[in-house]
Structure formats: structure tokens, C-alpha cells
Amino acid sequence: MAINPKFILKDANSEKETSIKFYFYLDKQRFTYSLGPDKMIYPALWDKIAMRPKSKPSKTLLSRYGKINPTLKIDLTNLNTRIENVVSETMRYLSNAEIQGSQVDFNELREHLNTSFDLKPKIVSRADSDNLELFLADFIKGMESGARLITSRTGEGRRYRKGTVKAYKVLESKLSDYRDGKRKKYLKFSDIDIDFYNEFQQMIYAANYTPNYFGNFIKNLKAVMKRSHEEGLHNNTDYAKKAFKKTTNETTSIYLTEKELSELYEHDFSGSRLEKYRDVFLIGCWTAQRFSDYSRISKEYIKEKEGIKVVEFNQVKTNTKVVVPLRPEALELLAKYGYSLPKLTEQKMNDALKDIGELLEFDEMIEVQKIKGGKEITKMVPKYKMMSTHCARRTGCTLMYLNKIPMQDIMKISGHKTEVQLLKYIKVTKEETAQRLSMNPFFSGQKLVVV
């Protein structure tokens, strides 16, 4: 049976990854099939004429999207393989149907393809029970397909976010680099001890990465080791020792002052490409949410509670329900877009915010200290260069705190579970703390109330 297989993007104009659809016509009937959530692509990397990922994407594209997805080249190769396999499996099914003289059943074909590309994790046999890399590969497949879920304290499971899956893929890649350096066939669960920890840390630091970057690898590796231990695949508990810890280095972060926020709101950006970025960022500041939440605010989330306009939704990262009152200025900006904010990518937003900050001369010099490659580095950086999407959440939390909103109320808006978590977001200088304390009777010289 002759067919003309075609592959198209679900949303060719999307700034985010979009799914790929396979289709062909047979006897004037159209068959369609999605390649699945694990095989998506940025439209800029797609060749619509060849109906494949671009064979030679420019260095600019590879650099831009490689920052978002460190395993980009591997993913593009795997995507090409999936496309070719979908075509070959389809032709095999159609040839068998023709040989047997049976009628082609599109539902049966779809099931055949689903079975051929099943992403459910394999059952790791006892013979492979000490193969960490095999378990990790299957663990990632389960995360992508939904076969493995994050289990909450209530027992309810939810799927891993795409960003989390990518983080585990990067861990997989770094472990592979480590294994190659040790000239091992594969890493065993029993290899993960304190010696491994120290050697892996040296490898990451030698590549000029930060303690936070290494710490995220260790956090995810500990999660894999714990899950595999619970499944009875090994008895190694070195990962649980105190010395096997997630490293962190407190990063210098900023917030915008009330004055700067007012300047940002009042500046006329009419006709500028920066206008929509400014508007979405302000909504983030006034709601104290993460970019993954404030960037998706739309009509369905805006409600009226006892005469007050609020935005109500479950946060993407934690699934925590928040209800945030909307300031008049926020309602004004939302109305400009029909109460559904424009869809923006985080990378372009970060770039635009630095341009906005420079334009408004937010150039206060900030001392930045960080550890990179195991070395402590200190330098002075203008404030606008530190502006990012997450600055909105810090700004919202900090300004609410400075305006004497109770911590418990701020937590209900921000979604933080503890005051300790929230205090990490509140960026108040020692000078601002001294100014606030100077108004307390203890420091102002007023008569203290004795109970």
C-alpha cells in the first residue's frame, strides 16, 4: 500500500516546545498519530520542508536552545530516529495487512505504534540489580510517560515537570562522563560512596560549575538511590550519610524597591517590544508568584470573592492553591490583554528585563560573591544585569514584608510552607532593617510598655 507520510508541528508559531504529528491518507481516510510528549521540538529547530529536525542547525540556535536543554543534540538525534521508526513500523503494519488481505484498522495501527514505542519503565531484573545507569534510564522514561509519579504525603501522585525530567537527563549525562573517566563498563549502585562523591565533585568543579549546580546533581542522585533502595535493588546507604550532602552557595539576588517599581509602571513603553515584558513582570511582582505561574494568568483564573477581584490557581511546582488579591494597577494591565497575559518564554523575558533595567538606569552597583570551580569570586555588577523573572517573586515577598503584612498572610499568597523558606526570599538590607528597627520604642527612646 502506497502512502505519503508527513510530519507537522502542532503549533509551528510556538516559542515553546511543541508536539509533532504524523499523518497520511489511505483510501481518502486520514490517519493521525502524535509522537508523544517525550518527542517535542522548538519550531526554530524544525525543517518544515524536510519534515524533520534541521540537519545542520546554526551555532546560534544550538547555543540558544542548548542553554535551555543541555541534552539538545542527543534529543534531536533521538527524535530523528523516532520519526524513521514510526514510518518503518507503519509500513510494516500496512504490508502485513496487504499480504493477509485484511482491512486496515486505524485504531489497530495506532495501538501497534503505541506498543512499539512504549515508554513504560522496564522491570529491572536481579541480574541487572546493581546497574545504576540502567535503573536511571528507566526511571527517566517512567517520569516522561507518567508511569512514575511524585507521591505526596497524602498518597496522591502527580507527574514530574519537564524541567525536572531534563535535570535528571543532565545527571545521566554527567554520570556517563564520570564513568568514562573511570573506564568502567557501567556504574553500580555500590559505586556510590563518599569516594565517588569527592571525585564527582572535583569533576564538576573542574568544569567551572558552581556548588549549587553540583548540589542539584546530588539531590537528584540521592532521590534515585533512595527509590532504588526502597525497591530492593541494593543495600547501599552511603548516600544517606551526612557527608553525602547537597552543597549550596547563597547567591546574591535582588528585588526592586517601591520607587523602582513605580518608575517601571509609569514609564511609557508604548510601541516598544519591551512593553509586554514589563507588563507581565509587574503582574509577577504584584502577585509574588513564580514565572511558571504568573506568566500563565488568564481569564479562567480571575475570580471575584466577596466583591474583591483575585487570581486563584494551583501553583505548577508544588500544586499549592493560592488566592491573591489583585491591585487596581494589576487589573488595569490585565484588561489591556483581555485578562489573558501574552505567552512569553523565560529566556526572552530574562533578556528583555535586563534591557528594561538598563533603560530605566537601575544601575546601582551590587557586590556579587559566588563560588565557581571551587574558587570564590567577588565582583561589582550593575543591578539591571541581575534582573530576571524570579526577581518578581522576591520583589513581591519583600515589599509585602516591608509594608508590615504578617508573615503568615504572605505565605498564603506566595505558597511557602514555612517562615524559614519565605525568609530566604525576603531581600532586606541591613540598612533597611536598621531603619525599620529605629521606629521601635526600644530604639526611638519612647517609654517601653512593661507587662
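This is a predicted model: local features need pLDDT of at least 70, side-chain atom pairs count only at pLDDT 80 or more; totals for chains, interfaces and linings use all residues.
**Strand pairing**
- Strand 1 pairs with strand 2 (residues 18–26) in the antiparallel sense, over four bridges.
- K6 has Y23, in strand 2, as its bridge partner.

**Charges over rings**
- Y23 also has a charge over its ring: the charged end of R30 sits 3.9 Å from the ring centre.
- K383 lies over the face of Y255, at 5.9 Å from the ring centre.

**Aromatic pairs**
- The count of aromatic pairs comes to 25.
- One of them is F139 with Y168, a tilted pair at 5.8 Å centre to centre, with 35° between the planes.
- F139 lies in helix 4 and Y168 in helix 5, so this pair ties together parts 29 residues apart in sequence.
- Both F139 and Y168 are buried.
- Y178 and F200 form an edge-to-face pair, 6.1 Å centre to centre and 85° between the planes.
- Y178 is in helix 5 and F200 in helix 6 (residues 194–206), 22 residues apart.
- Y178 is buried at 7% relative accessible area, and F200 is buried at 0%.
- Y178 and F200 belong to one aromatic cluster, whose members include F196, Y197 and F244.

**The second largest pocket**
- The second largest pocket has a volume of about 790 Å³.
- Its lining has 31 residues, and D38, K39, D75, E144 and K169 lie nearest the centre.
- Elements giving two or more residues to this lining include helix 4 (132–145) and helix 5 (162–182).
- The lining divides into 14 nonpolar, four polar and 13 charged residues.

Conventions: Residues are numbered from 1 along each chain as its sequence is written. Side-chain values use heavy atoms; hydrogens and water are left out. On a 1 Å grid over the protein atoms alone, a cavity is a set of points where a 1.4 Å probe fits but cannot get out, and a pocket is an open set with protein on both sides within 12 Å along at least five of seven lines; lining residues have an atom within 4 Å of a point. Grid points are joined across faces, edges and corners, and a volume is the space filled by probe spheres set on the points. Ala, Val, Leu, Ile, Met, Phe, Trp, Tyr, Cys and Pro count as nonpolar, Asp, Glu, Lys and Arg as charged, and the others, Gly among them, as polar. Two strands pair if DSSP finds at least two bridges between them. Rings of Phe, Tyr and Trp (its six-membered ring) pair if their centres lie within 6.5 Å; planes under 30 degrees apart count as stacked, over 60 as edge-to-face and the rest as tilted. Buried means under 20% relative accessible area, exposed over 50%, partly exposed in between (1.4 Å probe, protein chains only). A charge sits over a ring if NZ of Lys or CZ of Arg is within 6 Å of the ring centre and within 35 degrees of the ring normal.
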